Amino acid sequence: MSYKIIGDSCLDLTADLRKDPHFQIIPLTLQVGNTQIVDDETFDQKSFLELVKNSSEAPKTACPSPELFKEAYECDEDQVFVITLSEHLSGTYNSAVLGKKLYEEEHGNNGKKIAVLGSDSASAGELNIALYVQSLCQASLPFEEIEEKARTFIKNMKTYFVLESLDTLRKNGRLTGLQAFFATALNIKPVMGAESGVIVKLDQARGINKALGRMVELAMKNTKDTRDRVLVIAHCNNSERAEYVKQEMIKQAVFKDVIITETAGVATVYANEGGIIMTL
């Protein structure tokens, strides 16, 4: 059976995977002030970061329409797996589900099977899930078994991230100006995670390297066996920092694979310049 893996544009594929015909990305739209940007292959991270830096308003994202997902489902492949941002961060999951309903209403029971998977994560997390689903597809497992295993994988996957800047959190009201001021003045960097798709603060440290080190400590403490796990690290315009995290992780554990990728538009909005997102 043929397969396709569809992600929203927070599925941060590597350059090689973007060339793989098994993958398709449905873009979100980014907005900074009065400027709208489609988060597709035309996204220019450098100019976007400059735009955000010079704006007093927080950048916003708008999810794709259900019709865009429905059109993507009208492919030749028999099995379609859709991976979206956490429902707590975006309405993309609901759009993908409604797109499936629209497809089924129009085409009826034509043999195509579609599974919509909310990632409970973003960026590196979506990529980790996509790689896992692809491995199951390549092993020719039945559709229902792939879906079941993928949902279990999502439940067990751990997401961590460290932000260089708190500016976006301040602008969108998730952090008061006073909190942001003291954190910036004291060079405090939060270590964040995702629990059931909700962003939570796990710890903090003074200075980015100490925060990254603390993230590594927490990841190792919370992971019993890494040998069958893929470590995915996404970075926002800081490949050296991603490589640093990789080296710190492989000092302490052996992984099935380690993949570094770059953030596209949506993850750039959340991570801001210098942000690191890690999943395993």
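A nonpolar core is a set of buried Ala, Val, Leu, Ile, Met, Phe, Trp, Tyr and Cys residues joined through side-chain atoms within 4.5 Å. Buried here means under 20% relative accessible area, found with a 1.4 Å probe and counting protein chains only.

The model you see is predicted, so local features need pLDDT of at least 70 and side-chain atom pairs count only at pLDDT 80 or more, while totals for chains, interfaces and linings use all residues. Residues are numbered from 1 along each chain as its sequence is written, and side-chain values use heavy atoms, leaving out hydrogens and water.

Let's start inside. The largest nonpolar core has 48 residues, and Leu127 and Val133 have the most contacts within it. Helix 5 (residues 124-138) gives this core its largest share, eight residues. Which residues does Val133 touch, leaving aside those up to four places away in sequence? They are Ile5, Phe81, Leu117, Ile146 and Ala150, where a contact means heavy atoms within 4.5 Å. There is also a second, separate core of 22 residues, including Ala205 and Ile233.

Now for the whole chain. Buried residues make up 51% of its 280 residues. Among contacts between residues at least 6 apart in sequence, 74% join residues at least 24 apart.

Here are the spans of the C-alpha trace:

| Item | Value |
|---|---|
| Spans along the principal axes | about 60 × 45 × 30 Å |
| Radius of gyration of the chain | 19 Å |

The radius of gyration is taken over C-alpha atoms, and the globule rule is 2.2 Å times the number of residues to the power 0.38. Because a compact globule with 280 residues would have a radius near 19 Å, the chain's value agrees.

Conventions. Buried means under 20% relative accessible area, exposed over 50%, partly exposed in between (1.4 Å probe, protein chains only). Helices (H or I, at least four residues) and strands (E, at least two) are DSSP runs, numbered from the N terminus.
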